[in-house]
Amino acid sequence: MHDLDQLQLDFDEATRTVLAPLLGRFGFTLHMVKPVLARFQSGLVTVDLGFGLYDYGLDLSAKRTDRPNQEITLTAIVEAGGGTEPTGFQASTSERVFECVTLITGLLEKYGTKLLLGDGDAFDGMVAISRAQSERYTAALAALGIGPVRRAAEAAWLAKRYKEVVKQYEAMMAHLSDGERRRLEYAKKRLRRRWGLGWLKWF
């Protein structure tokens, strides 16, 4: 079996055996598991766990069913509860998939109880945190002139021009998001796989 196929099976199993029992206690049912997404729903809240097959990132998000355009991240959930734990997860092995899903489940249980119960005030607070994080990040990038570099990196990523991805992201290393760091590592991995250490001469 291809490694990627195995990771998809691991994601499915970890979602069902680790995350589902927690959410089940709050009245959630598993509505869908695809290779890149598991979705749980209760009467009030939707919880998604995504798995990036290109960057191997695992990301949890949630939204109220009556506010589908207001999505909150695991980072906002943790910060709203006063936590400081890291919320960026990446898994490229079977063991790491289960480890990451277990860590994500633990953070959700520790900091997300009010959200899972559909508490409107708690949700509003998390939305405000998410919005503030996004605004601060955007303002900081604008002040540093990072916007054009990020757009160039995004275009290169979509076109699978991995040499250009590495070049653009390394030009803004101090300002990469967790997802962008995963993309950078993936691009480097693809270049190493194709060219060995020879790809270093390009930089």
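So, how many residues does helix α6 have, and how far does the helix reach from its first C-alpha to its last? Helix α6, residues 147–158, has 12 residues and reaches 17 Å, close to the 16 Å expected at 1.5 Å a residue. The expected span here is 1.5 Å times one less than the number of residues.

Before I go on, a word on what we're looking at. This is a predicted model, with local features needing pLDDT of at least 70 and side-chain atom pairs counting only at pLDDT 80 or more, while totals for chains, interfaces and linings use all residues. Residues are numbered from 1 along each chain as its sequence is written, and side-chain values use heavy atoms, with hydrogens and water left out.

Okay, the overall layout. The protein chain has 8 helices and 6 strands. Going from the N terminus, the order is α-β-β-β-β-β-α-β-α-α-α-α-α-α. The chain has 203 residues, and 40% of them count as buried. Buried is under 20% relative accessible area, exposed is over 50%, and partly exposed is in between, using a 1.4 Å probe and protein chains only.

Back to α6, then. Its buried residues are V149, R150, A153, A156 and W157. Looking down the axis of α6, these fall within an arc of 125 degrees, so they line one face of the helix. The arc is taken from the directions from the helix axis to the C-beta atoms. On the face turned away from that buried side, α6 carries the exposed residues P148, R151 and L158. If you want the background, an α-helix has 3.6 residues a turn, so residues three or four places apart point the same way.

Helix α3 can be read in a similar fashion. Its 18 residues, 94–111, should span 26 Å at 1.5 Å a residue, and the end C-alpha atoms are 26 Å apart, which agrees. Buried in α3 we have V97, C100, V101, I104, T105, L107, L108 and Y111. They cover an arc of only 160 degrees around the axis, which puts them on the same side of α3. E95 and K110 are exposed on the other side.

Most residues other than glycine have a negative phi. K160 is partly exposed, with a relative accessible area of 48%.

On to the aromatics. The whole structure has 5 aromatic pairs. Rings of Phe, Tyr and Trp (the six-membered ring for Trp) pair if their centres lie within 6.5 Å; planes under 30 degrees apart are stacked, over 60 edge-to-face, and the rest tilted. One of the pairs is Y162 with Y186, edge-to-face, at 5.8 Å centre to centre and 70 degrees between the planes. That pair links distant parts of the chain, with Y162 in helix α7 (residues 162–170) and Y186 in helix α8, 24 residues apart. Y162 counts as buried at 10% relative accessibility, and Y186 does too, at 8%. Ring pairs also join Y56, W157, Y162 and Y186 into a cluster, and W157 is one of the buried residues of α6.

What about the largest pocket: what is its volume? About 850 Å³. The search runs on a 1 Å grid over the protein atoms alone, and a pocket is an open set of points where a 1.4 Å probe fits, with protein on both sides within 12 Å along at least five of seven lines; lining residues have an atom within 4 Å of a point. Points are joined across faces, edges and corners, and the volume is the space filled by probe spheres set on them. There are 21 lining residues, and T73, T75, S177, D178 and G179 are the closest to the centre. At least two lining residues each come from β4 (57–64), α2 (74–80), α5 (120–144) and α8 (178–195). By class, the lining has 7 nonpolar, 10 polar and 4 charged residues. Nonpolar means Ala, Val, Leu, Ile, Met, Phe, Trp, Tyr, Cys and Pro, charged means Asp, Glu, Lys and Arg, and the others, Gly among them, are polar.

Last stop, α2. A76 lies in that helix and is buried, with a relative accessible area of 0%. A76 and S130 are 54 residues apart in sequence, yet 5.6 Å apart in space, C-alpha to C-alpha.

Definitions and conventions: Helices (H or I, at least four residues) and strands (E, at least two) are DSSP runs, numbered from the N terminus.
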